[in-house]
Amino acid sequence: MLLSEQDQFLSHNGEVLVFQLSKPKHAEEADDKTMNLCVRRMAFNRDTKQFVQKSSGVFSMGASHSEIEIICCSCTTDSRTGIILPCILVKKKKQKSVKYFLLLLHSSNKFEPSFYFNLDYELKEDIRLFAGPSLLWRHANKLFYISSNTCVVQSAPVQLSSVVWTGEIVGEGTVVLGIRTAFLPETEEPDGFSASDRAVWGSEFFGYALQSQKLLTGTCFMPHAYSRVVSSVYVCRSERLRKQLRISLVAITHKNQLVWFQNGAAKGVCELPYEKPCSVKPALTSSSDLLFAVSFASGNSCVVQRRDSLQVASKWQKVKCVLVDDFIGSGSEQLLLLFKDDSNTDVLSTFKITDLGEVNYASGSNYKHDVPAAEGLQENGLLTVRALETRLQAGWTSVRELQQHLGLQKRVILESCKALIDLVEERTHILPNSKEVKCRRWEGLVSLWDDVEDPPDSLSKETSSASEVPEHITEELWQRVVGDSLVVGVKLTESFYLSLSDVSLSLVMDQDFSSISPIIKCQSKIIKLNKAFSALAVSSSQIEPPPKKIKLDLHCKNDLKKEFPKRSSSIQPDGTKTVTAVTSLSPLLAFHRVCCVVLLHARKQNQQNDGLQQSKKITVLCGKILLSLEDLSNGRYSIKMLRDNSYCTGSMEDILAVLAVSVRFSFQIVSCDCTLTPVSSWLLGEMECTPFKECQDNLFCHKAGNIYGTIFNWALKNPFEGALTIFCR
């Protein structure tokens with residue numbers, strides 16, 4: 001296939017697309033009014049070191065050869081699918097107007113007309129294709145654009161002398177970077193600016209967002225002094241940090257320079273080897289080097305490498321086109337340079353593929369003379385492949401061993417949970433013997449005891465210790481749903497609780513789920529509810545900052561020591577002793593219906609004859625709870641905090657559930673000069689709080705907003721000092 005001056009080259013997915021206009025083969029007459037837009041997909045063959053044709057496509061148009069012309073082509077995003085497709089702009093001349101077609105090329109080589117429009121002038125200045133597909137151009141210092149979504153030519157309310165870049169910027173959408181005439185600062189003297197000042201302030205760099213029709217200041221891209229000399233820009237990266245736009249870009253100037261800008265400041269500059277640079281393209285190579293391919297109006301090209309500094313790495317002359325893509329399928333980008341060759345007019349006859357590193361292919365090279373070297377490379381490659389296969393096999397073996405270990409660990413946990421439940425329910429747990437192990441394929445999981453009829457003494461002692469626990473230890477087992485949390489509470493008998501320490505709850509699913517662990521992650525708290533209305537956390541993390549609560553904590557500890565010298569964490573006899581467990585509700589909803597066993601863990605203190613105390617770990621079965629989607633949808637376990645005659649009617653369980661999911665903050669308020677404002681009146685009035693019937697010193701906030709559900713407790717020690725305790729989520 002022969003090339004003409006109108007042929008266009010485009011890279012897409014590692015292939016080179018060649019677009020040409022030609023007459024149909026069957027129509028050679030001069031009066032024929034049909035032209036074909038042909039595309040050929042060319043791929044690089046690493047064996048023959050040449051480009052070969054993979055497929056082709058044809059699109060017929062009603063026009064003569066003198067009337068039709070390919071304007072430009074680019075890869076843009078199709079807004080309907082988000083897929084990047086080749087896009088071609090074609091011009092068709094008419095008697096009084098010019099018609100433009102925008103075509104999309106699909107992977108099946110089928111052309112799809114996107115939109116068309118008519119103009120009374122020809123497009124010549126700053127023609128850009130971008131996502132949509134959309135088209136943008138400049139005419140008479142005005143900006144025009146059209147999109148496939150509207151198919152109507154629109155004009156932007158900006159005046160500009162050139163467009164240097166069009167693309168996407170984070171948070172702004174499609175942005176056009178351009179240069180326009182600057183508005184000189186007003187001055188009383190007409191000659192208040194020197195010639196150099198007027199040269200600098202004669203133009204300014206700016207950005208214009210098409211969707212929002214917003215102007216972006218040019219100083220976030222580059223200093224103002226560069227706006228007069230910049231000819232082309234490529235934005236490498238854009239991001240927003242703390243609502244500020246941060247931009248990294250490279251620009252080529254009329255002074256034959258390539259400048260790197262970071263957040264509006266110049267970070268590096270490189271002198272270019274040729275004059276009149278016109279475009280710049282980035283390429284990320286296999287060695288993670290960032291290259292910039294610069295094309296010049298004279299047909300020359302060079303590559304600038306960015307490492308510690310910007311420097312020209314290579315240059316070429318008589319270059320027809322420079323493309324950037326992964327042409328050899330290595331996973332990184334290379335440069336494809338197509339050279340002008342008058343002696344050979346075949347497609348892709350003279351080319352060079354390089355990344356300025358290991359990749360270096362050129363047309364016309366005689367690779368047959370390098371047979372010994374090629375054989376050596378082939379042998380080395382074979383040895384490398386074998387070594388990689390060995391390492392891959394070793395890695396796969398390690399992965400399988402790790403999977404087996406994790407599976408064994410999971411089975412041990414499941415069997416331990418079953419044994420624990422059987423133990424607290426005073427059932428005999430049957431350990432798997434060797435036959436069951438082989439049958440279940442539990443590799444390496446065997447009983448720690450011998451398979452004998454009589455259990456060892458240690459096991460019988462452990463069982464007897466569980467049976468020694470008194471029968472009536474819990475007064476009530478309840479559950480509530482607060483937001484996205486499930487709260488389970490156990491009210492203990494007073495005589496039993498006073499002999500316990502390190503109390504916590506566990507929730508274990510009673511179903512046989514082979515794919516998940518039956519243990520539910522939860523957080524335990526011990527709550528006492530009395531006139532002082534304090535909540536003591538046993539295993540929860542302390543969220544409140546220590547400086548704010550140190551005085552209150554010291555007061556509380558001293559008071560507790562006075563009342564209970566032997567046990568500082570004991571609960572007052574008139575208080576409610578409740579242990580709660582809080583867990584996330586969302587994971588449990590996936591099972592539709594869940595039954596959980598509630599276990600209480602603690603250390604029990606026994607008084608010996610010599611007056612010393614001995615503690616031992618105990619596990620007590622408190623009961624089971626049932627949770628279903630029907631109950632949740634009916635609001636069966638929801639808390640009900642309603643107003644009734646200036647009181648909050650929430651039950652004691654509702655109050656405890658709110659406390660369990662809340663975080664406690666304590667504040668010591670002291671006024672040395674004057675008496676304190678009545679805080680209770682402010683809480684009841686402005687904050688819309690109502691006291692609980694069960695404990696009237698504690699107020700529930702009904703005010704709408706994020707503060708709803710907060711519990712306040714105000715204790716006035718004297719007219720100048722008080723303590724405010726807040727329970728909030």
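1. Strand β41 (residues 689-691) and β42 run antiparallel and are joined by 3 bridges. Two strands count as paired if DSSP finds at least two bridges between them. Strands are DSSP runs of E with at least two residues, helices are runs of H or I with at least four residues, and both are numbered from the N terminus. Within this pair, Cys-689 has Cys-701 of β42 as its bridge partner.

2. The model is predicted: local features need pLDDT of at least 70, side-chain atom pairs count only at pLDDT 80 or more, and totals for chains, interfaces and linings use all residues. Residues are numbered from 1 along each chain as its sequence is written, and side-chain values use heavy atoms, with hydrogens and water left out.

3. Strand β42 (residues 698-701) is covered on both faces. Asn-698 and Phe-700 are buried on one side, and Leu-699 and Cys-701 are buried on the other. Buried here means under 20% relative accessible area, exposed means over 50%, and partly exposed lies in between (1.4 Å probe, protein chains only). β42 also pairs with strand β43 (residues 711-718), in the antiparallel sense and over 3 bridges. In that pairing, Ile-711 of β43 is opposite Phe-700.

4. For the chain as a whole, there are 10 helices and 44 strands. Of the 729 residues, 43% are buried. The chain exposes about 40,700 Å², of which carbon and sulfur atoms supply 51%. Accessible areas come from the Shrake-Rupley method with a 1.4 Å probe; for residues, only the protein chains shown count as cover. Among contacts between residues at least 6 apart in sequence, 51% join residues at least 24 apart. A contact is defined by heavy atoms within 4.5 Å.

5. Strand β18 (residues 244-253) has 8 of its 10 residues buried, so it is largely enclosed by the rest of the structure. Strand β17 (residues 230-241) pairs with β18 in the antiparallel sense over 10 bridges. Gln-244 in β18 is the bridge partner of Leu-241. The hairpin formed by β17 and β18 has 2 residues between the strands, and Arg-242 in the turn has a positive phi of about 55 degrees.

6. β18 pairs with strand β19 (residues 257-262) as well, over 5 bridges and in the antiparallel sense. Here Leu-249 stands opposite Phe-261 in β19. The hairpin of β18 and β19 has 3 residues between the strands, and Asn-256 in this hairpin takes a positive phi near 60 degrees.

7. An open sheet is formed by 4 strands in the order β13-β14-β15-β16, with antiparallel pairing. Its edge strands, β13 (162-169) and β16 (214-217), each pair on one side only. From one strand to the next, the twist averages 30 degrees. Axes are lines fitted to C-alpha atoms, for helices over the stretch in contact, and angles run from 0 to 180 degrees between N-to-C directions. β13 pairs with strand β14 (residues 173-181) over 7 bridges, and Glu-168 is opposite Thr-174 in β14.

8. Thr-285 lies in the loop between β21 (277-284) and β22 (290-296). Thr-285 is buried, with a relative accessible area of 5%. Apart from neighbours within four places in sequence, Thr-285 is in contact with Leu-291, Ser-332, Glu-333 and Asp-355.
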